[in-house]
Amino acid sequence: MSARVNAITSTPALRARRRLGDRFGDVFLHGLTGAAAAAAGALLVAIAWKIFDIAHPAISKYGFAFVTRQGWDAIHSRFGALDLIWGTLLTSFLALLIATPVSIAIGLYLSELAPRGARTVIASLVELLAAIPSVVLGLWGILVLGPFVGQDLGPWLHRHLGFIPLFDGTPQNAGILVAVLVLTIMIVPITSSICRELFLGVPTELEEGALALGATRWEMVRGVILPYTRTGVGAAVILGFGRAVGEAIAVTQVIGAGYGIHWSLFATGDTLASKLAEQYQSATTKIQTASLVYLAAILLVISLLVNLLAQVIVRRFSHQRTGGS
Amino acid sequence: MAVDAARFSLTPSPRTRRRKLINVLMQALATLAALAAVAVLALVIGSVAQRGASALSWDFFTKTAVTFGQSGGGVANALVGSLVIVALATAMAVPVGILIALYVSEFAPPRIADLSRLVLDVLNGLPSIIIGIFVFGLLVIGSGQAAWKGSFALAIIMLPLIARATQEVLALVPSSLREGALALGASRWRTVLGVVLPTSLGGILTGTVLAIARAAGETAPLLFTTSIAANAVTWDPRQPVLSIPYDIFILSESADPADHARAWALGFVLISFVLVTSLTARLLLVRYRKKLEG
C-alpha cells in the first residue's frame with residue numbers, strides 16, 4: 001500500500017532511495033530504543049554487581065555471621081549488622097502500623113466521602129506531601145518535631161502507657177519515635193494515593209448493590225470495597241515498606257545514631273541506611289568501607305525482594321481485574 | 001390482620017441506631033485522617049517558611065559562606081552547584097528515558113515491554129543511597145568526586161520517572177494518528193518521530209519537570225559523589241561542588257543555631273522550588289491529558 005502512495009509522488013530513483021532510507025531508519029530507531037531499554041536492565045544488574053563487589057572483602061571475611069552479630073567496633077574491626085537490621089525493621093514496621101490505617105482512611109475519604117469539587121484539590125495536597133524533599137522533612141523533624149516529641153508527646157506517652165516496653169525510658173529530642181513519625185509522613189502520601197486509585201476502581205454496581213440492600217456506607221466499605229481491593233492494598237503497603245526501609249537522610253537526621261537492640265521508642269538507634277549515610281565519609285580502613293557496603297548489600301536484597309513482590313502482586317491484581325489481556 | 005406496631009415503627013431500633021453511629025464514626029475518622037495529612041503539609045511548609053523566609057537576603061543568594069564565627073555570608077556556591085548537577089542529570093536522563101519509553105510503547109513485543117516496565121519500576125524502588133554507593137564504586141573510587149558524577153547518580157533516579165511518565169503519555173496518543181500516518185505511506189520511524197513524539201511533547205515535558213523536582217531534593221546520592229567541595233562558586237562539572245540538599249543536611253547536623261538558620265533558609269528555597277514546579281507540572285499534565293483524550 002505504501003508503495004502505491006509513493007508511486008504517485010516520486011520517481012523510481014527517489015522511491016528506491018527512500019525505501020532504503022526508511023528501512024534503515026526503522027531498524028536504526030528500533031535498535032537505538034531497544035539498546036536504551038537493555039541499558040536500563042544492565043544498569044540494574046550493574047548496581048547489584050558493584051555493591052556486592054565493593055562489599056566483597058567484608059563478605060569473605062565475616063561471612064553470613066555478619067548479619068547475626070551485634071556491635072560496630074571500628075578500632076578492632078569487629079562489625080555486625082544485627083543492631084541495624086533491628087533498627088530498620090522496628091522503625092519501618094511501626095511506621096507502617098500507623099501509616100496503613102491512615103492511608104486507607106485517606107483513600108476512602110478521597111474516593112467516597114470528599115465533596116466532588118474538593119476531591120482533586122485535597123488529593124493533590126496529600127500527594128504534595130510526597131514531594132517535600134526528605135532532607136527538608138528531616139530538618140523539620142530534628143528542629144520542630146523532635147523537641148515536641150521530647151518534651152510533650154514523649155512524656156505524655158510515658159506517663160500513660162509507660163507499662164508497655166515501647167514507651168519505657170526517657171523521652172529525648174532524637175530517637176526511634178521521631179524517626180517512625182517522619183517515616184510515617186513519607187509513606188502516607190504514597191500508599192494513600194495508591195489506595196485511592198484502587199477504591200475508585202471498584203465497580204459502581206457492586207457498591208450500589210450493597211447500598212440498595214440497606215448497608216450503611218461503612219458496611220459497604222467493609223463488605224465490598226475492602227475485600228475487593230485487599231490484594232492491591234497489600235501491595236501498596238509493601239511498596240510503602242520498601243520506601244521506609246531505604247530512607248537514609250531523614251532518618252539519619254532524627255534517629256540520633258544509637259546502638260543496641262531494645263524496644264524503647266525513646267532510645268536512639270540506627271538503621272542500615274542511616275548508618276551508611278553517617279559513617280561513610282569517616283570510614284578509614286578498607287574493611288570498614290567494605291563492611292558499610294555489606295550493609296548496603298543487605299539493604300539492596302531487602303529492597304529488591306520487597307519491590308519485586310509488590311510489583312508481582314500489582315501485575316497479577318490488574319491482570320485479574322481486567323480479565324487478562 | 002393485626003398490625004404489629006413495633007415492626008412498623010418509624011423510630012430506629014437500637015441495632016439500626018448502632019449501625020448508623022458506627023457509620024458516622026467511621027466517616028468522621030476518614031475525614032480526620034485526610035485533614036491530618038493536609039495539616040502536616042501545612043505545618044511543615046509553614047514552619048519552613050516562617051523560619052526560612054526571614055534569613056533570605058541579596059547576600060544570601062550572591063555570597064559564599066563565611067568562616068566560622070563571623071556573621072553574614074550566603075549560599076551562592078550551593079545554589080550554583082545544585083543548578084549544575086541537576087541540569088547535567090536532566091541532560092543525561094531525558095534522551096535515554098524517552099528512548100526507553102518509545103521502545104516499550106512502539107517497538108517492543110508485549111512480553112519484553114512488560115519486562116522493561118518491571119525493570120523501570122524496580123529501578124524506581126531502589127533506595128537512593130544504594131544508587132549513590134553504586135556511582136561511588138563505579139566512578140569515584142580511584143579518581144575522586146566531581147559534580148558530573150553526582151549528576152550521573154541523579155540521572156539514574158530520574159530515568160525511571162521520565163521513562164514511565166513518557167510511556168504513559170505515549171499510550172494516550174490516539175492510534176488513529178499513528179494509523180493515519182502509516183496509511184499515508186510514512187515509515188515507522190517517521191511516524192514515531194514526526195507524529196507520535198510531537199503529540200506527546202507536553203506530557204514528556206511535565207514528566208521531566210516532575211523528575212527534576214524530585215532530583216533537586218535528593219541528598220543521599222550526592223553524599224558519596226560530590227560532597228567535599230571548596231567554598232567557592234564553580235560552574236565546572238569536573239570539580240566537586242556543594243549542593244542545596246547536601247548543605248541542608250550538613251547544617252542541620254550542626255549544633256550552631258546560626259547554621260540552623262541557614263539550613264531553614266535553604267530549606268525554604270528548596271521547598272519553594274520543588275512545590276512550585278511540581279504543582280505547575282501537575283496542573284499542566286491534567287490539562288494536557290484532557291486535551292489529548294478529547
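Predicted model: local features only at pLDDT ≥ 70, side-chain atom pairs only at ≥ 80, totals over all residues.
Visitor: Why is Thr90(B) called buried?

Guide: Its relative accessible area is 12%, and buried means under 20%, exposed over 50% and partly exposed in between (1.4 Å probe, protein chains only). Thr90(B) is found in helix α3 (residues 76-107) of chain B, where helices (H or I, at least four residues) are DSSP runs numbered from the N terminus. Not counting residues up to four places away in sequence, Thr90(B) touches Pro95(B), Met158(B), Thr208(B) and Ile212(B), contact meaning heavy atoms within 4.5 Å.

Visitor: How do you know whether Glu218(B) is buried or exposed?

Guide: Glu218(B) has 10% relative accessibility and therefore counts as buried, although its place is in the loop between α9 (201-216) and α10 (220-223) of chain B. The side chain of Glu218(B) makes a polar contact, at 3.1 Å, with the side chain of Arg214(B). Beyond four places in sequence, Glu218(B) touches Ser128(B), Leu154(B), Ile157(B) and Pro245(B).

Visitor: What makes Arg178(B) and Glu106(B) a salt bridge?

Guide: A salt bridge needs a side-chain nitrogen of Lys or Arg within 4 Å of a carboxyl oxygen of Asp or Glu, and these two side chains meet at 2.9 Å, N to O. Arg178(B) lies in helix α7 (residues 175-183) and Glu106(B) in helix α3, both of chain B, so the pair ties together parts that are 72 residues apart in sequence.

Visitor: Which parts of the chain does the salt bridge of Arg289(B) and Glu168(B) link?

Guide: The closest N and O atoms of Arg289(B) and Glu168(B) are 3.6 Å apart. Arg289(B) is in helix α12 (residues 257-293) of chain B and Glu168(B) in helix α6 (residues 147-172) of chain B, distant parts of the chain that are 121 residues apart. Arg289(B), at 28% relative accessibility, counts as partly exposed, as does Glu168(B) at 43%.

Visitor: Why is the pair of Asp121(B) and Arg315(A) said to join two chains?

Guide: The closest N and O atoms of this salt bridge are 3.4 Å apart. Asp121(B) lies in helix α4 (residues 110-125) of chain B and Arg315(A) in helix α12 (residues 286-321) of chain A, so the bridge runs from one chain to the other. Asp121(B), at 12% relative accessibility, is buried, whereas Arg315(A), at 25%, is partly exposed.

Visitor: How many salt bridges are counted between chain B and chain A?

Guide: The count is four, and one of the bridges between these chains pairs Glu219(A) with Arg19(B), whose closest N and O atoms are 2.7 Å apart. The interface also holds 13 residue pairs in polar contact, both residues being at pLDDT 80 or more. Helix α1 (residues 14-53) of chain B gives the most to the side of chain B that touches chain A, with 18 residues.

Visitor: What is the area buried between chain B and chain A?

Guide: The buried area, which is the accessible area (1.4 Å probe) that two parts lose on being put together, summed over both, comes to about 6,800 Å², of which carbon and sulfur atoms give 78%. The contact involves 79 residues of chain B and 72 residues of chain A.

Technical notes. Residues numbered from 1 in each chain as written. Chains lettered and ligands numbered in written order. Heavy atoms only, no water. Polar contact = N/O pair within 3.5 Å; in protein donor to acceptor, adjacent residues only side chain to side chain.
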